[in-house]
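User: I am new to this structure and would like to go through it by question and answer. Please keep it plain.

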Amino acid sequence: MQGRYFDGLDSTAHAAEVRFEGGNLIIEAGGQTHVWSATGLFVDVHADQARVSRRGGDARLVMTAADWNRLAAGQRPVRRHSAAGGQGLIIGLVVAAAVTAFVVFVGIPMASGPLARATPLTYEAQMGESYNAQLSTIFPACQGQAGQAVLQGLADRLSDQSGSPFPIRARVVRAPMVNAFALPGGYIMVTGDLIEAAESPDEVAGVLAHEIAHVERRHVMQSVWRSLGAGMLLDLVVGGGTGAGQQAVLLAGQASELSFGRQAETEADDVGRGLLHQQGLSSRGMGDFFERMAEDEIDAPERVDEVSEWWMTHPNTERRIAAARAAERGGEAALTEQEWETLRATCGSNEDEAAGEIERPVVIVRRPGNDPMPGQADKVGQH
């Protein structure tokens with residue numbers, strides 16, 4: 001059987017020959033042979049795609065669900081995620097949350113990585129639909145359909161060889177901040193202000209690749225587990241009305257709450273650059289954008305609220321910028337000049353916003369890791 005193998009170290013997809021032999025799954029890819037015990041396999045089947053991983057590792061095998069079913073026929077030791085198993089996981093966490101707040105507010109954040117990998121893809125897809133619907137009422141999509149098609153085309157190109165378990169659905173939204181953020185289930189929102197702030201399509205491509213990397217590595221689910229807790233997660237998934245779901249929606253509306261740890265951000269930078277390089281695109285735009293946002297923080301104090309929205313969810317460190325510069329490569333432009341102009345026109349005029357026709361939401365600004373910006377404390381502000 002044919003499949004695609006990802007070693008968990010970068011985003012490169014390796015063509016793979018796959019077979020079962022003597023109770024083991026044999027994967028031949030990239031000139032190497034990998035032997036996985038059938039008793040330690042985990043399988044997520046979503047739509048027509050099967051995603052196979054093993055206990056204690058980040059490597060994964062992706063193939064069509066039909067091929068996997070034919071390949072695994074008769075392999076009883078293979079463990080398969082199911083909706084029933086996912087319900088048991090969530091119910092167990094709800095019970096634990098009722099017994100002690102420590103499990104929810106300390107234990108879950110500490111275990112967010114394993115919990116994210118254990119969350120069935122169908123549940124994350126349902127959650128993504130809920131997040132997307134709620135955020136779309138706060139941050140409406142810009143009306144330029146040609147520009148939206150350009151952004152989606154770039155997202156398709158970048159995610160083509162990625163290990164994302166979901167199709168990437170990207171769009172430009174009208175929001176009073178320079179930001180981009182990934183939601184559960186593969187949704188990505190890029191603000192019109194970010195498109196306006198970018199000086200080249202390569203900068204937008206760098207940001208988009210970074211967000212796709214968050215989806216691929218399931219950082220979004222880690223953030224959900226960390227931030228919302230078991231009760232809120234349950235309400236989002238099953239549509240309960242206990243009040244926890246309403247609070248979750250409120251948090252979802254505050255885009256800066258969908259933040260990631262510094263390790264996840266570094267990983268997303270590295271994987272995102274790999275996606276750019278795989279497509280022969282330049283990765284210099286990533287460093288250009290990071291560097292200019294950092295400079296604007298210092299050189300234009302009157303824009304600090306706008307710029308800080310980017311850095312609240314994407315930590316501003318000299319090490320991060322230096323890493324981007326050290327690893328960058330040249331390549332072809334992400335978009336043609338015509339495509340770039342079309343993308344920049346997606347949100348059109350801001351006169352309707354200036355006239356007060358679009359309500360500007362309250363944004364909670366909070367820097368991850370208890371590391372506030374110099375001269376600023378956590379705040380709630382109108383932007």
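User: How many Å does H5 reach from its first C-alpha to its last?

Analyst: This is a predicted model, in which local features need pLDDT of at least 70, side-chain atom pairs count only at pLDDT 80 or more, and totals for chains, interfaces and linings use all residues. Residues are numbered from 1 along each chain as its sequence is written, and side-chain values use heavy atoms, with hydrogens and water left out. Helices (H or I, at least four residues) and strands (E, at least two) are DSSP runs numbered from the N terminus, and the expected span of a helix is 1.5 Å times one less than its number of residues. H5 has 18 residues, and against an expected 26 Å its reach is close, at 26 Å.

User: Which residues in H5 are buried?

Analyst: Buried means under 20% relative accessible area, exposed over 50% and partly exposed in between (1.4 Å probe, protein chains only). In H5 the buried residues are Leu121, Tyr123, Glu124, Ala125, Met127, Gly128, Tyr131, Asn132 and Leu135.

User: Which cysteines form a disulfide?

Analyst: A disulfide is counted when two cysteine sulfur atoms lie within 2.5 Å. The whole structure holds one disulfide. With sulfur atoms 1.9 Å apart, the pair is cysteine 142 and cysteine 347.

User: How many residues apart are cysteine 142 and cysteine 347?

Analyst: The torsion about their S-S bond is about 75 degrees, so the disulfide is right-handed. Cysteine 142 is in the loop between helix H5 (121-138) and helix H6 (145-159), while cysteine 347 is in the loop between helix H15 (337-344) and helix H16 (351-354). Both cysteines are buried. The pair links distant parts of the chain, 205 residues apart.

User: Is the aromatic pair of tyrosine 5 and tryptophan 36 stacked, edge-to-face or tilted?

Analyst: Rings of Phe, Tyr and Trp (its six-membered ring) pair if their centres lie within 6.5 Å; planes under 30 degrees apart are stacked, over 60 edge-to-face and the rest tilted. The count by this rule is three aromatic pairs. For tyrosine 5 and tryptophan 36, the centres are 6.2 Å apart and the planes 55 degrees apart, making the pair tilted.

User: Which strands hold tyrosine 5 and tryptophan 36?

Analyst: Tyrosine 5 and tryptophan 36 are both buried. They are 31 residues apart, with tyrosine 5 in strand E1 (residues 2-6) and tryptophan 36 in strand E4 (residues 32-37).

User: At what distance from the ring centre of tyrosine 187 does arginine 169 lie?

Analyst: A charge sits over a ring if NZ of Lys or CZ of Arg is within 6 Å of the ring centre and within 35 degrees of the ring normal. Arginine 169 lies over the face of tyrosine 187, at 4.2 Å.
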